[in-house]
Amino acid sequence: MTVQHRSLKKKKNAGRTSKLPALLLLAPALGFLILTTQVPFIMTIYYSLFRYSLVDPFKRPFIGLENYVTLFTDPLSVPVLLNTLVLVLSVIALTIIFGAALALLFNRPFFGRSVARTLLIGPFFIMPVITALIWKNSLLNPVFGLFGMASQALGFEAIDWLAQYPMVSIIMMVTWEWTPFALLILLTSLQSLPTDQLEAARLDGASQLQEFWFIVMPHWTRAFEVVVLLEAIFILQIYGEIYIATSGGPGLATTNLPFFIFQKAFGEYSIGMASAAGVIAVVIANIMTALFLRLVNRNATLEVKS
Amino acid sequence: MIATKPPTYPWRTAKNVALALLAWVIALTFFFPIAWMISSAFKTENQAFATPPVIIFQPIFDNFSLAFAKYGPALKNSLIAAIGSTLLSFLLGLPAAFSMVFYPNSRSRSTLLWVISTKMMPPVGVIVPLYLIFKDLQLLDTIFGLTLMYTTMNLPLVIWMMHSYLSEIPIEILEAARVDGASLQHEFLRIAMPLAAPGIASTALLCIIFAWNEAFFALNLTNVDGAPLSVYISGFKTTQGLFWAGLSAAATLVILPVMAFGWSAQRQLVQGLTMGAVK
């Protein structure tokens with residue numbers, strides 16, 4: 001497949017010998033990206049090897065991997081890693097379940113389907129800091145939030161969600177935001193299911209369950225992989241919601257890696273520690289990205305073939 | 001899909017109606033918090049956090065005029081950052097995508113994948129040195145500095161999207177032009193750009209949405225002078241319902257344009273978010 005892909009591209013290039021204009025067109029964009037992503041990241045790795053505080057910036061001893069050891073052993077940072085994991089995994093699980101159910105529901109024609117879908121994906125476009133304010137003020141607040149009022153109307157005590165169940169609250173609001181994302185991708189994939197396969201299966205007398213398991217699932221699995229990997233990358237970066245709703249608290253209850261880095265760097269001026277945590281975040285994201293790019297690449301080569 | 005139409009049984013109709021109803025109920029439930037906030041924007045402050053909630057009320061518009069008066073500078077910054085970074089991303093990204101599609105070499109594919117990977121890099125991995133560099137270059141709290149970072153965020157998206165749109169141009173068109181001795185400028189401006197125009201429009205909408213909603217760089221690199229709407233809105237984080245009606249009006253003004261953009265670019269959204277991994 002790759003060979004065919006290359007040969008096609010070569011044909012496009014026929015008759016052109018000069019590589020210079022091509023390079024000149026490409027260089028500014030690549031240069032910009034290297035300058036704003038790779039260079040600072042290398043600096044982050046460098047800083048992470050020092051005990052470097054902005055309080056006393058001229059005294060920064062080289063300490064090797066000590067920041068990393070601290071990160072994985074200190075009782076003040078281990079919960080942060082666990083919080084990050086809990087948040088990412090819970091949101092992925094919930095959005096996959098809701099997204100898949102909704103995609104199946106919205107794959108059937110019904111009255112006003114496109115309007116309903118448009119309303120449903122609304123939460124994804126809301127600025128994250130506004131999402132957090134909506135949830136904090138008008139839903140979760142024990143006094144005048146709608147959840148509290150509803151539970152009181154039903155005869156229960158109002159729950160102070162952000163104080164009593166802080167992580168659950170964050171998971172709820174991030175799930176609300178990202179379910180539309182899962183739905184959009186899973187639905188797009190369902191709608192691109194080749195109809196000839198389905199028809200053949202039906203002609204062969206396949207039951208609905210067989211049809212789903214042997215025709216729909218193999219095609220759909222790929223979309224699930226994409227949702228899981230992309231959400232793993234983007235939920236890892238959740239910041240605005242936590243900044244607004246809980247400021248990482250109470251205590252460390254909702255502090256995830258990005259918020260921890262923010263606190264270390266700009267609250268405690270501890271550049272070395274913040275950098276080490278940043279490197280960890282990038283390493284995790286890079287593993288996910290590598291897996292994801294394999295999917296993108298597979299798709300691109302298949303595309304040329306067809 | 002199938003030639004033979006299945007006979008309609010009453011229970012099947014009932015099931016269809018029930019599932020349609022379920023879909024609508026879920027859609028409205030998801031949208032409800034947004035609708036509730038928008039309605040709060042038309043309430044007085046007392047109505048906005050009254051117990052039990054006020055459902056029927058005389059709408060007022062004072063909140064909007066107040067919001068307009070106060071959020072002007074942040075709105076200006078958000079517009080500059082969103083539109084400026086989108087323009088800059090296209091200025092850098094269009095030629096790059098053109099070069100990769102029309103003048104590919106053996107490394108084009110891996111270059112494209114590398115470009116996508118920079119989009120996936122968590123900002124926390126670069127924020128510390130960026131902050132220090134910005135401090136030295138006096139870019140902290142400037143809208144120019146923020147625009148640069150939003151360009152970093154959107155440039156990979158532009159390159160990827162433009163790459164996939166330009167790849168759809170039939171080789172024959174290009175070859176015909178080359179036989180006629182078309183110059184590079186001609187190829188770029190007269191052939192590639194007109195054919196990519198619809199793609200440019202929808203990609204630009206996506207860039208504007210992402211830049212508009214961004215909070216991490218904004219909160220860490222700006223404060224007052226360079227602060228966009230996300231930072232302005234964040235300033236209300238501790239008010240606990242005190243200005244909920246006023247805040248709702250400001251927030252409504254912030255989300256409406258983006259929701260309109262997002263809704264109109266729904267199809268390209270999936271392509272842009274998954275980099276073509278799902279069609």
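Tutor: Start with a term: a residue is buried when its relative accessible area is under 20%. Keep in mind that this model is predicted.

Student: What share of the 306 residues in chain A is buried?

Tutor: The cut-off is under 20% relative accessible area. Applied to the 306 residues of chain A, it gives a buried share of 53%.

Student: What is the radius of gyration of chain A?

Tutor: Take the reference first: a compact globule of 306 residues would come in near 19 Å. The C-alpha trace of chain A spans about 75 × 70 × 30 Å along its principal axes. The radius of gyration of chain A is 24 Å.

Student: How many residues of chain B are in contact with chain A?

Tutor: Contact here means heavy atoms within 4.5 Å. On the chain A side, 107 residues take part. Their partners in chain B number 108.

Student: How much area do chain A and chain B bury between them?

Tutor: Carbon and sulfur atoms carry 75% of it. The total is about 9,800 Å².

Student: Which helix gives the most to the side of chain A that touches chain B?

Tutor: The top contributor supplies 18 residues. That side divides into 71 nonpolar, 24 polar and 12 charged residues. The helix spans residues 20-47 of chain A: helix H2.

Student: How many salt bridges are there between chain A and chain B?

Tutor: Polar contact does occur across the interface, in eight residue pairs with both at pLDDT 80 or more. For salt bridges between chain A and chain B, the count is zero.

Technical notes
Residues are numbered from 1 along each chain as its sequence is written. Chains are lettered from A and ligands numbered from 1 in the order in which they are written. This is a predicted model: local features need pLDDT of at least 70, side-chain atom pairs count only at pLDDT 80 or more; totals for chains, interfaces and linings use all residues. Side-chain values use heavy atoms; hydrogens and water are left out. Buried area is the accessible area (1.4 Å probe) that two parts lose on being put together, summed over both. A salt bridge is a side-chain nitrogen of Lys or Arg within 4 Å of a carboxyl oxygen of Asp or Glu. A polar contact is a pair of N or O atoms within 3.5 Å; within protein, one must be able to donate a hydrogen and the other to accept it, and residues adjacent in sequence count only if both atoms are side-chain atoms. Helices (H or I, at least four residues) and strands (E, at least two) are DSSP runs, numbered from the N terminus. Ala, Val, Leu, Ile, Met, Phe, Trp, Tyr, Cys and Pro count as nonpolar, Asp, Glu, Lys and Arg as charged, and the others, Gly among them, as polar. The radius of gyration is taken over C-alpha atoms; the globule rule is 2.2 Å times the number of residues to the power 0.38. Buried means under 20% relative accessible area, exposed over 50%, partly exposed in between (1.4 Å probe, protein chains only).
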